[in-house]
Amino acid sequence: MKIARMDAALGAEVGGVDLARTDALDAGALRRAWLDRGVLLFRGQAMTPGGLARFSGLFGPLEPPPASEAGTREELGGQPVWYISNVVEDGKPIGSLGSGEAEWHTDMSYLPEPPTASVLFARETPAEGGDTGFADMEAAWETLDGTLRAAVAGRAIHHDGSTTSVGETRRGHEAVGDARAAPGAVHPAVRTHPETGRRSLYLGRRRNAHVVGLPLDESEALLDRLWEHCRDPAFAWTHAWRAGDVVMWDNRRVIHRRDPFDPASRRVMLRAQVRGDRPF
Ligand code: SIN
């Protein structure tokens, strides 16, 4: 196994490993690299739904597909994995998020116990677009100026569960008019990583977020300033996908976003998520 750091605040490419054959010993080394770099890339993998579930399961019990996900397919064989895709078959999307831009977010931070790891396997990729950016929220916290640090330290944020990162209302929810009334969970705005002890900004996503205890206008102004800081390219690394890539990221430390792509092309990704615990 060869681990090469990306020339960025986060990320490493791991070579010389076949994820379909990875065992607990390899998983120990991968876990250390993942905790160190936040995002790991593996090229040239051949993953079945069962193989992705088995590999991801080496890092903890998996989350079942969220009830709000579009299209649970028979070919997934009941595995706890699902599609992120723009493909429509028999008039029904096979997966979530379509072909539009997905804004910066943490996966499922609207749950009381958001996933620790997200694992994404690229089965089919478009010729252009659909790149995924990752940004390190530990670096964002470390470089935050004193005024913003004082404004956010000790605060909690309400994370909205009604709307996806591409702006669609999730199944079973209604569009939210007032962020304070959004369904979701409340988490500390600055969290401590349970395995490394490092602190990071934990904002979830911008849309419908609310800083608990602040009037709406003050909360909006503070969130805008925090997000402006988090979007600094200095914290980020962007991945241009090839079919066969697997990317695994630490959802406690890293936010991500996706570029839009041509809706007439096919992008088919398989996703697994490792169950998490309550942020503190
Ligand atoms: C996501 O935003 O969770 C999916 C990322 C992607 O489609 O690349």
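In this predicted model, a polar side-chain atom of R258 lies 3.4 Å from an oxygen atom of the ligand. The protein covers 99% of the 260 Å² of accessible area that the ligand has on its own, and the space that the ligand takes is the second largest cavity of the structure.

**The residues around the ligand**

- The ligand is surrounded by I84, L97, H105, D107, L120, T132, H256, R258, R267 and R271, so that R258, T132 and R271, whose distances are given above, all belong to this shell because each has a heavy atom within 4 Å of the ligand.
- Sorted by class, the shell around the ligand consists of three nonpolar, three polar and four charged residues.

**The cavity that the ligand takes**

- The structure holds three cavities of 30 Å³ or more, and the second largest cavity, whose space is taken by the ligand, has a volume of about 100 Å³.
- The lining of the second largest cavity is formed by I84, L97, A102, H105, L120, T132, W249, H256, R257, R258, R267 and R271.
- By class, this lining of the second largest cavity is made up of five nonpolar, three polar and four charged residues.

**The strands that supply the lining**

- Strand 8, which covers residues 102–105, and strand 18, which covers residues 254–258, each supply at least two residues of the lining of the second largest cavity.

How values were computed: Residues are numbered from 1 along each chain as its sequence is written. This is a predicted model: local features need pLDDT of at least 70, side-chain atom pairs count only at pLDDT 80 or more; totals for chains, interfaces and linings use all residues. Side-chain values use heavy atoms; hydrogens and water are left out. A polar contact is a pair of N or O atoms within 3.5 Å; within protein, one must be able to donate a hydrogen and the other to accept it, and residues adjacent in sequence count only if both atoms are side-chain atoms. Accessible areas come from the Shrake-Rupley method with a 1.4 Å probe; for residues, only the protein chains shown count as cover. On a 1 Å grid over the protein atoms alone, a cavity is a set of points where a 1.4 Å probe fits but cannot get out, and a pocket is an open set with protein on both sides within 12 Å along at least five of seven lines; lining residues have an atom within 4 Å of a point. A molecule sits in a cavity or pocket if more than half of its atoms lie within 2 Å of its grid points. Ala, Val, Leu, Ile, Met, Phe, Trp, Tyr, Cys and Pro count as nonpolar, Asp, Glu, Lys and Arg as charged, and the others, Gly among them, as polar. Grid points are joined across faces, edges and corners, and a volume is the space filled by probe spheres set on the points. Helices (H or I, at least four residues) and strands (E, at least two) are DSSP runs, numbered from the N terminus.
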